[in-house]
Amino acid sequence: MRNVSIRRSITGIPVYIPAKAAGPSAEADAPPVRSIRLSANETTLGASPLAVEAVRRAAADLFLYPDPHQTSLREKLALKLGVGEDQLIFGNGSFELLSLSALAFLNEGDESVYPVPSFGWYRIATLAAGGIPVEVALDGDHRIDLAAVRSAVTDATRLVWLCNPNNPTGTYLNASELDGFLHGLPDGIAVVVDEAYFEYASPADFPDTVRLLDRYPNLIVLRTFSKAYGLAGLRVGYGIAGAETVRAINRIRPPLNVNRLAEAAAVASLDDEAHVRAVLDNNSEGKAFYVKSCRELGLSYIPSETNFIMVDLGRDSGPVYELLLRDGIQLRAGREFGMPTWLRVTIGRSEENRAVVDALRNALQPSAR
Ligand SMILES: Cc1ncc(COP(=O)(O)O)c(C=O)c1O
């Protein structure tokens, strides 16, 4: 048998750990009686009924390749965002667009700078492109420390990733902070602002990044239909950038990367503003419930502008995470983000949120230790 030779830079790449698959946990001794999945920041309100219907209709054409230019989605989204159709690029989720961005901007040995903890794919996308990851700690309030990010930029930096609001902390950069950072950056560095949770961010001073594109041609904004639009299973993300940048990334975008069902569902979702509103209202209510419950339980939390919230148990959260998992409640253990006393909880429907808080209350009783 002959071995293959793997590219050296790939063998050092850590395996990305996504949320466990939906369904009963393989780790539980006996199947739990319930299954509450609040580990991957999906919306548990589901997709828009219009999107489900669009998928049914599109199923008749499964034998046809998808539209390589995503024309329907492109036209609709360009109109909604007030940008040119040539300023949009679509991906198989924003995961794919993150990877393509690294390939587009990094030469072998170039540095990419990003805060940690943040979304774990920035590291892997950088390494896969042959780049060197440069990680910068968040500040004491779990916010992105832009001064520290700026200080980490060197002559070798070609890419900066900023997750806004940040996963897993839920904190955000405001408009003047982001503008100031972009303004102070030397030429020749791409800035990818990953706005996967954009729809959830409500502060008046949250950046209107699309409007910044005219002033900063090095800016790439990434958004997704996976979160507030409830289409995580279909995989549609999009990038908004200058037309020239889009053309560059397009050269390496695999053709037909957005499938027929995904495009049909995304187009239909854009017609269902009421559904997105319901998702956002449910999230605000759920977030308020967690804040109130954390106060009652005497637990610290990080104020969040997303559909998840980080809660500090004040001790190793691993055993509580495991206990809840056996009880059919899937959260995310903070150790995955280097925050071992924390749990990340996706905000779900009210009955799910109540179940989480009840389970936490029980798990934290002195007798449960
Ligand atoms: C910050 C961030 N960026 C990107 C993604 C990937 O999203 P998508 O489903 O669009 O690939 C996620 C998913 O959890 C995320 O949290």
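Helix α4, residues 93-105, gives the most to the shell around the ligand, with 3 residues. Helices here are DSSP runs of H or I, at least four residues long, and strands are E runs of at least two, both numbered from the N terminus. Keep in mind that this is a predicted model: local features need pLDDT of at least 70, side-chain atom pairs count only at pLDDT 80 or more, and totals for chains, interfaces and linings use all residues. Residues are numbered from 1 along each chain as its sequence is written, and side-chain values use heavy atoms, with hydrogens and water left out.

Now the shell itself. Around the ligand there are 13 residues. A residue counts as near if one of its heavy atoms lies within 4 Å. Ser94, Asp194, Thr224, Ser226 and Arg235 come nearest. By class, the shell has 5 nonpolar, 5 polar and 3 charged residues. Charged is Asp, Glu, Lys and Arg; nonpolar is Ala, Val, Leu, Ile, Met, Phe, Trp, Tyr, Cys and Pro; the others, Gly among them, are polar.

Which residues put a polar side-chain atom 2.7 Å from a ligand oxygen? Tyrosine 197 does. Arginine 235 does too. The backbone also takes part: a polar backbone atom of phenylalanine 95 is 3.0 Å from an oxygen atom of the ligand.

How much of the ligand does the protein cover? The answer is 94% of the 400 Å² of accessible area that the ligand has on its own. That area comes from the Shrake-Rupley method with a 1.4 Å probe.

Next, the fold. The protein has 13 helices and 13 strands. Its radius of gyration, taken over C-alpha atoms, is 21 Å, close to the 21 Å that the globule rule gives for 369 residues, so the protein is as compact as a globular protein of that length. The rule is 2.2 Å times the number of residues to the power 0.38. Along the principal axes, the C-alpha trace spans about 60 × 60 × 50 Å.

Last, some backbone details. Where are the cis peptide bonds? One runs from valine 116 to proline 117, with omega near -5°. Proline 117 sits in the loop between β3 (111-116) and α5 (121-128). Another joins asparagine 164 and proline 165, with omega about -5°. Proline 165 is in the loop between β5 (157-163) and α7 (175-184).

Then there is asparagine 41. Its phi is positive, about 60°, although it is not a glycine. Asparagine 41 lies in the loop between β1 (36-37) and α2 (49-58).

Note on methods. A polar contact is a pair of N or O atoms within 3.5 Å; within protein, one must be able to donate a hydrogen and the other to accept it, and residues adjacent in sequence count only if both atoms are side-chain atoms.
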